[in-house]
Amino acid sequence: MEISMSYSQDEDNEYEKFIRRMNPPRVVIDNESCKNATVIQVDSANKHGILLEVVQILTDLNLVIKKAYISSDGGWFMDVFNVTDQDGNKITDEQVLDYIHKSLGPDSSFMTRSVGVLPSLDYTSVELLGRDRPGLLSEVSAVLAHLKCNVVNAEVWTHNNRAAAVMQITDQDTGCAIDDPEMLLKIKELLRNVLRGSNHSREAKTVVSRGSTHTDRRLHQMMFADRDYERLDDDVLVDRQKPDVSVDNWYDKDYSVVTVRCKDRLKLLFDTVCTLTDMQYVIFHGSVDSEGHDAYQEYYIRHIDGSPVKSEAERQRVIQCLEAAIERRVSEGLKLELCTTDRTGLLSDVTRIFRENGLTVCRAEVTTRAGKALNTFYVRDASGCPVDAKTIESIRDAIGQTILKVKGTHKESKQVRQESQSRKHCKVQTHSLHLVT
């Protein structure tokens, strides 16, 4: 039986290679036909997951997808994307355009590699999943600092009282991935103990490995597997946050029609396509329009077995999972940005100061580039009250006024800036020596 299955998979792989040789992918980039966006057209032989792969490549370049037209009926994939940079301008950077051509064109590998997989041996990947609580990121980063592990990159999401994180760490002394099996086991056990700080019924999970999947997709998979889409009775979601998702069957064509209406944001298309793909649905046709502040998405889908949504329970599950996928990346907290020289223990020190001042991190992005730590934190008061401007100023004094800055358009950030300006006349700014080395 195993030999037969292996033979069948080899046949499928050879058939895919043959189809690719006969019909290589084609990408056309047009900066002339649309007044306010770059138009990218991708044609190729069709396979499950190809739409996600294309959207992932565009999203990883931080491009804003303003419109999209999706068609993959019959064995052929033809999609058109209207994209801009984050400032709303057309894409004119030759390096970016060349990267798109190479990533999606005939010489690319996006048709043959596993969707979302990014192999790397430069760091050790740590996946964490457990019940969220105030100070959790501080405790996790303190354990890693104690073990002399440097957090190079990390993404942390919280949703529906659950927390998930994908961290890339290196050994402090070597700057490389951690190989020692005993150390890997120790990291796993200590982090699991931190996550088990709750008696909640769902078990905490910790995975330590040398490989890495695409971070955003992995976070979606982790939280989906943890059923974070099952809203608890005591969870309250502000009406303006809740996305409008509907699923109806078009019986004449055997499609289920999914519509999504919500506030537009970066990576929204990736989040919805990723969720439908991982739920084993195929998007045959679709359109996306996110001009302005609102987004509208419409997908014509079937399950991978060829059937539309079959029951009310399945329909509700699709709705709940798409709502959760959209909400996970929405951060209502105050946005803080940190930029300073990287070092082991930096994340631990910063999050400890947050915790000591009564703030909890609801989302975080940790990046290291050329020895610089570029971190973004979305924080809120652990008690549920609005973040106090004096608290933020105290934290900025401790970390460094030029190191930690308030960003975004959140009403709390406006209040913080106003109160900060009023105190500048009566208070000399101080800069901490604790975090700069």
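This report describes the strands, helices and side-chain contacts of one predicted model.

Because the model is predicted, local features need pLDDT of at least 70 and side-chain atom pairs count only at pLDDT 80 or more, while totals for chains, interfaces and linings use all residues. Residues are numbered from 1 along each chain as its sequence is written, and side-chain values use heavy atoms, with hydrogens and water left out.

**The open sheet**

Helices (H or I, at least four residues) and strands (E, at least two) are DSSP runs numbered from the N terminus, and two strands pair if DSSP finds at least two bridges between them. Eight strands form an open sheet in the order β1-β2-β4-β3-β11-β12-β10-β9, with antiparallel pairing. The edges are taken by β1 (26–30) and β9 (244–250), each of which has a single partner strand, so one side of each is left without a neighbour in the sheet. From one strand to the next, the twist averages 20°.

Within this sheet, strand β2 (residues 38–45) pairs with strand β4 (residues 76–84) in the antiparallel sense over eight bridges, and valine 39 has asparagine 82 in β4 as its bridge partner. Strand β2 also holds aspartate 43, which is linked to arginine 26 in strand β1, 17 residues apart. The side chains of aspartate 43 and arginine 26 meet in a salt bridge at 2.7 Å, N to O, where a salt bridge is a side-chain nitrogen of Lys or Arg within 4 Å of a carboxyl oxygen of Asp or Glu. By this rule the count comes to 22 salt bridges.

**Helices across the sheet**

Axes are lines fitted to C-alpha atoms, for helices over the stretch in contact, and angles run from 0 to 180 degrees between N-to-C directions.

| Helix | Strands it lies across | Angle |
|---|---|---|
| α7 (residues 268–278) | β3 (64–71), β4, β10 (255–263), β11 (281–289), β12 (294–303) | about 15° to β12 |
| α8 (residues 312–328) | β9, β10, β11 | about 145° to β9 |

**Helix pairs**

The axes of helix α2 (residues 50–60) and helix α3 (residues 94–104) come within 11 Å and cross at roughly 160°. That makes α2 roughly antiparallel to α3, since angles over 145 degrees count as roughly antiparallel, under 35 as roughly parallel, 65 to 115 as roughly perpendicular and the rest as oblique. In their contact, Val54, Ile57 and Leu58 of α2 meet Tyr99, Ile100, Ser103 and Leu104 of α3. These residues divide into six nonpolar, one polar and no charged, where Ala, Val, Leu, Ile, Met, Phe, Trp, Tyr, Cys and Pro count as nonpolar, Asp, Glu, Lys and Arg as charged, and the others, Gly among them, as polar.

Helix α4 (residues 136–146) and helix α9 (residues 346–356) pack at an angle of about 150°, with their axes 8 Å apart, and α4 and α9 are therefore roughly antiparallel to each other. Leu137, Ser138, Ser141, Ala142 and Ala145 of α4 make the contact with Leu347, Ser348, Thr351, Arg352 and Arg355 of α9. By class, the contact of α4 with α9 has four nonpolar, four polar and two charged residues.

**Pairing of β13**

Strand β13 (residues 334–341) pairs with strand β15 (residues 372–381) in the antiparallel sense over eight bridges, and leucine 338 stands opposite asparagine 375 in β15. Four bridges join β13 to strand β16 (residues 404–407), and these strands run antiparallel, with glutamate 337 opposite lysine 405 in β16.

Conventions. Contact = heavy atoms within 4.5 Å.
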